[in-house]
Structure formats: C-alpha cells, structure tokens
Amino acid sequence: MSVRAKKHLGQHFLTDENIAKNIVEGLSYENYNNIMEVGPGMGVLTKYLLEKEQTIYLAEIDTESIDYLKKNYTKATEETFVGDFLKQDFNFINGDQIAIIGNFPYNISSQILFKIIDYYQLVPEMVGMFQKEVAERTAAVPRTKDYGILSVLVQAYYDVTYLFTVNENVFNPPPKVKSGVIRLTRNPKEGLAGNEVLFKQIVKAGFGQRRKKLSNSWKALNIPEALSNHEFLDKRAEELSVQDFIHITQLWKENM
C-alpha cells in the first residue's frame, strides 16, 4: 500500500533516504522535549524521528496518509496525530518547547513560517524543506533581490541557515522546481517586545514599494514628526538590516 500524492495538498513525497536522514539530522535535539513533523506523508522523515528520545507529533490532514502511518509505524498512535498545523495553538505541550520539521507543502510554506513566528517563544528550532525560492528569500541578506518581507520578519526572531538544495528527481511526483532546506534557530532580537504589530506594519509598508525611498513607502503610516529627517527615509527598504527595522520601530513607537 502507498499513498496517492494529492495536488490540492501540495504533496510531493521525498524518495531519497540519504536526504531524509540529512533533514532529520539538521535538528540539534537539544533544549526541547517535543518535535512536530508537518506533512509526514508516507513517513520518510517520520521513521527516523520516531527513533529519537523526544515526543513526536505529526501534523497531517490527509486521512490516507494517517491510515498509512498508523499501519506501518507502531509508534504512530492516535495521540501522535494533531491535525492541521496552521490551526495549532500548541496548548497540548503545556508551555513546553517544541521543534518543527518537515518536507513542507509548497502551497502553504509562507504560512508555516508565519505560524512559527507567531509561536516563536515555544519553537526554538525548525528544519524544513521549501520551494528553493522561498528558502532563499527566508535566508536572504540586505541589498539582494531576494531580501524582503519574509527575510526580515523571520530573521527578527530566528537565525537562518541555508543547508542544502534538493533536485526535483528525488520526489514522487517530481515538482517543477528545486527545493531548499533551511534551519531556523531562535535568536530573538532585543527591542521587539510589545512592538511586534507596528514592526510588521513598517516592514510590509517598506517593501510594498521597494523601489521607492522609505519616505514615500511609509507616508501612509504617518511618519512621526520627530523622524521626518531620519537618515533611513532616504534609503530603500532593501538597504536596511533587520536590526535597522527594529531600531526604527522603537523610535517610531516612542514618538507616536
């Protein structure tokens, strides 16, 4: 028995065992007792995760995959499955820490990253495979074409490491694009506490018109008078580091 890959779920099942092992070994397995795999499919990562000492949870919405995993992995019990990752509130870990791993469905990859950011206090680490373009954007540095909203919002909470690229031919069915595996390691930047909503507004507005100077991009947010001559206003969003965005958010909040 095998599971039929479903296009509407963005399923592409990894078939290369060495790559699966490399993804699983990308986690550090320190400082947390729980791991959640997102979209386990037929268990190419799951079987290695179930050998670990941590408690493993599987976020899967495909009933065919769930049935397959239960039949093939005795450790995958009813309590192992937690449903839709994007609907998780993580109450079941009672405030404990949980790492995230997965060969993520491409159609919800950005949503997965934003979900992790929302719960960053509980998620110390993530290793995941994304569409290569998304992986590169997440890890991008200032003054590059890939640097944007996703880069800044993720890197405000996590250090991002691009681990390796995965070719199309190691999946069934093969996707039309290459994939990239990245690691997020929590490293909250100082100065964000209490400013998260404003920070997101400033970042999104800045990159909303990325070819324009920030004096124009931020105009709709009503730039505080005290910042009207700030040096950042003469720059474009892609020229600011993550720490620059955090700094301007602090000043903005103080002068609202």
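**Close-up 1. Q97 and R186 join through their side chains.** In this predicted model, a polar contact of 2.7 Å links the side chains of Q97 and R186. Q97 sits in the loop between helix 3 and strand 4 (98–103). The side chain of Q97 also reaches the backbone oxygen of Q121, at 2.9 Å. Is Q97 buried or exposed? Its relative accessibility is 17%, so Q97 counts as buried, the cut-off being under 20%. Residues that Q97 touches include N31, Y32, N33 and N34. Q121, L122, P124 and R186 are also among the contacts of Q97. Residues up to four places away in sequence are not counted here.

**Close-up 2. E125 pairs with R183.** Side chains of opposite charge can pair when their charged atoms come close. Here the side chains of E125 and R183 meet in a salt bridge, at 4.0 Å from N to O. This pair links distant parts of the chain. E125 belongs to strand 5 (residues 125–131), and R183 to strand 8 (residues 179–186). The two residues are 58 residues apart. E125 is buried, at 5% relative accessibility. R183 is partly exposed, with a relative accessible area of 22%.

**Close-up 3. R143 and E239 bridge two loops.** R143 forms a salt bridge with E239, and their closest N and O atoms are 3.4 Å apart. R143 lies in the loop between helix 5 (132–139) and helix 6 (149–155). E239 lies in the loop between helix 8 (214–217) and helix 9 (242–254). The pair therefore ties together parts that are 96 residues apart in sequence. R143 is exposed, with a relative accessible area of 57%. E239 counts as partly exposed, at 21% relative accessibility. Elsewhere, salt bridges that share partners join R210, R211 and E238 into one network.

**Close-up 4. K70 and E78 form a salt bridge.** How many salt bridges does the structure hold? The structure holds 12 salt bridges. One of them is formed by K70 with E78, the closest N and O atoms being 2.4 Å apart. K70 counts as partly exposed, at 30% relative accessibility. E78 is exposed, with a relative accessible area of 52%.

**Close-up 5. Helix 5 has buried residues on one face.** Which residues of helix 5 are buried? They are V134, A135 and T138. Seen down the axis of helix 5, these buried residues fall within an arc of 100 degrees, so they line one face of the helix. Their cover includes helix 4 (109–118), strand 5 and helix 6. Strand 6 (158–166) and strand 8 are also part of what covers them.

**Close-up 6. L14 and E60 are listed by UniProt under "binding site".** The unreviewed UniProt entry lists H12, L14, G39, E60, D84 and N103 for this feature. L14 lies in strand 1 (residues 13–14). L14 is buried, at 5% relative accessibility. Contacts of L14 include I19, A20, I23 and V44. N103, M129, V170 and F171 are also among the residues that L14 touches. Residues up to four places away in sequence are left out of this list. Where is E60? E60 is in the loop between strand 3 (55–59) and helix 3 (63–72). E60 counts as buried, at 8% relative accessibility. The side chain of E60 reaches the backbone nitrogen of G41 at 3.1 Å.

Definitions and conventions. Residues numbered from 1 in each chain as written. Predicted model: local features only at pLDDT ≥ 70, side-chain atom pairs only at ≥ 80, totals over all residues. Heavy atoms only, no water. Buried < 20%, exposed > 50% of the residue type's maximum accessible area, 1.4 Å probe, protein only. Helix = DSSP H or I, 4+ residues; strand = E, 2+ residues; numbered from the N terminus. UniProt positions renumbered as here; feature names shortened; annotations may be inferred. Contact = heavy atoms within 4.5 Å. Polar contact = N/O pair within 3.5 Å; in protein donor to acceptor, adjacent residues only side chain to side chain. Arc of directions from axis to C-beta.
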